[in-house]
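Hello,

Here is the structure I promised to pass on to you. Have a look at it first, and then read on for what turned up.

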Amino acid sequence: MELERVNEYEWRVPIGTVAGMRVPGIVFGTEELIQRAVEDRAIQQVANVATLPGIVGASYAMPDIHWGYGFPIGGVAATDADGDGVISPGGVGFDIACGVRLVRTDLTWEAEVRPRIGELVSALGNATPRGTGAGGRLHLSRTDLLRVLRDGVGFLLDRGIGSPRDAEYCEDGGVLEDALPDEVSERALTRGAGQLGSLGAGNHFLEVQVVDAILEPQAANVMGLFEGQVCVMIHCGSRGLGHQVCTDYVATMDRLMGPLGIEVPDRQLACAPLTNEAARRYVGAMNAAANFARANRHVLANGVRACFEAVLERSARDLGVALVYDVAHNLAKLEEHEVDGRHRRLCVHRKGATRAFGPGHPSLPDAYRAIGQPVLIPGSMGTASFVLVGTAEAEYKAFASTCHGAGRVMSRTQARKRIGGHELARQLEAEGITLAPGSPKLLAEEAPFAYKDVDEVVRSCEGAGLARTVAKLRPVGVVKG
Amino acid sequence: MIRIPSAGGFAFLEHTADVGIRAWGPSISDAFEQAGVGLATLMGATAEPSGRTEPVHVEGIDLEGLLVAFLNELIYLFEIADGEGLASLKVTRLEPTSLDADVQLAPMDTSGEGLLVKAATYHQLEVSERPDGTAEARVYLDV
């Protein structure tokens, strides 16, 4: 696989790398990160995505790129919404609107939380349903579930769960208005009904973190972040409901491609023109699942608030518990971008990539308009996480997108072979990280060394101009999904 | 223990972020059964042979599509079956674009250490029949 180096952090996959490429591929990252991506065949997937009908600009990949199915994880592809552009459910992924929420407090680690961390992590572990088959904190009637799909966080606020500020500081104000709950299948509803307010499994987590370093004091100040402060980061998605929506529509589009005469190099890239009825239905169902994902993180965060109140015996207001931001990293959105000096309506797929609007963007909460959109980067379990902000430059580089996490480099089996769960738990505890009880086997599969170095990923994004680093956080308490 | 079909077998395939199953047997139906048992094993959703039997019917445009639809049906059943896992399974009818199976579900015998599988994917999906009639399937799962 021949890559052309554009600059220190940018590489081009030329047209012709695979047959049928309509645009080149552009991958961001240091030479070492790119080398890894070539080895695990993710670059081939960047080239495959470049064959999608109506793709605009380039098939992009972020520095945390790794081998996915169909799209690479870390992939960004924009298609022409006013022309022959397609939407691909696989380009969003099974965990629709999987994302990250950061909750701040006024508490300092050393003086206020450290002496109570054992009790706090225990309370958070008990309040956070997780793992396979876990029921959520809320069990919804069919009518209420449909309202969550339509109204997102708003439904919960109507029920007195959370504060209005929680919607304002969520991407899209906590709700995608053009959701079509009727296009979500009966099976997806059945899977979702008992799962609102649950973490799921795999790399999902809820962590108590401490702000370790502030790199952009002004932006940090606007977000209410300071060194030594205790925050909580939640990483999870739309659970079985989202998985089923994707399953349903990948199958629908797989059947449609033959009759529509669309050919793709990998069947998991199944897609349909945005003007097609199946695409319209998928977009509505995807938006509904995204509303479920936001509501899911909202319910979990509300549980966090209650735990802090109970353990520290002070009110959430007094503790300064407040949402910093909530952002998705698996989603396709209709956005306007300038391409070759012309405003165009595009369907931007981000599969393991985060939207990162620069300063001044109208969709940002008023308070953040001057600094740009907060981007929340969860490290792998037990390693640093980051808060970034979007840049004006990223708008012209990758349709205002940046990385979403560390990205795996090692399979689950390999990770288990290298370390036992009990040994890893001892290591993490020795590093001062308190763990909520869980399966040692699944812990080992998420060992930090199974992931890329998140520092290098973030440094690459900064170097490529895709985002600026505001704060670095380290974990002190882990509730693993 | 789950009743493992006597003919054929399965193995897990390494993938950086996800995991695959290679399944084989004397016929395509056998290979599909092995893939189903492999999936349940991976998910820790296995049970002693007993309990209720759920008839399953799926459709697809080809054999590969049928395998994905079949495994996604099992994933759905395991997720909504509260504490129940796969006890045994039998493909009762296999046509080029449709499949029927009897899926027996019973209370799980595992420790909850299974992987949460989100879905079966079409990525590098393959179902092949050899000239002697034996069959092999490969499928990747999103975990």
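A nonpolar core here means a set of buried Ala, Val, Leu, Ile, Met, Phe, Trp, Tyr and Cys residues joined through C-beta atoms within 7 Å. Please keep in mind that this is a predicted model.

Let me start with the core. The largest one holds 224 residues, and the members that touch the most others are A:Val27, A:Ala289, B:Ala35, B:Leu67 and B:Val139. Helix 11 of chain A supplies the largest share of this core, with 17 residues.

Leaving aside residues up to four places away in sequence, B:Val139 touches B:Gly20, B:Ile21, B:Ala35, B:Leu67, B:Val68, B:Leu71, B:Ala120 and B:Leu125.

Back in chain A, helix 11 (residues 277-312) meets helix 5 (residues 142-151): their axes come within 6 Å and cross at roughly 100°. Helix 5 of chain A brings A:Val148, A:Leu149 and A:Arg150 to the contact, while helix 11 of chain A brings A:Ala288, A:Asn291, A:Phe292 and A:Ala295. By type, the residues of this contact are 5 nonpolar, 1 polar and 1 charged.

Finally, the two chains. Chain A puts 39 residues into their contact and chain B puts in 27. On the chain B side, helix 2 (63-80) and strand 8 (135-142) are the elements that give two or more residues. Helix 2 of chain B gives the most, with 6 residues. That side of chain B divides into 13 nonpolar, 8 polar and 6 charged residues.

Enjoy exploring!

Definitions and conventions:
Residues are numbered from 1 along each chain as its sequence is written. Chains are lettered from A and ligands numbered from 1 in the order in which they are written. This is a predicted model: local features need pLDDT of at least 70, side-chain atom pairs count only at pLDDT 80 or more; totals for chains, interfaces and linings use all residues. Two residues are in contact if their C-beta atoms, placed from the backbone, lie within 7 Å. Helices (H or I, at least four residues) and strands (E, at least two) are DSSP runs, numbered from the N terminus. Ala, Val, Leu, Ile, Met, Phe, Trp, Tyr, Cys and Pro count as nonpolar, Asp, Glu, Lys and Arg as charged, and the others, Gly among them, as polar. Axes are lines fitted to C-alpha atoms, for helices over the stretch in contact, and angles run from 0 to 180 degrees between N-to-C directions. A residue is buried if 20 or more other C-beta atoms lie within 10 Å of its own, exposed if 12 or fewer, and partly exposed in between; C-beta atoms are placed from the backbone.
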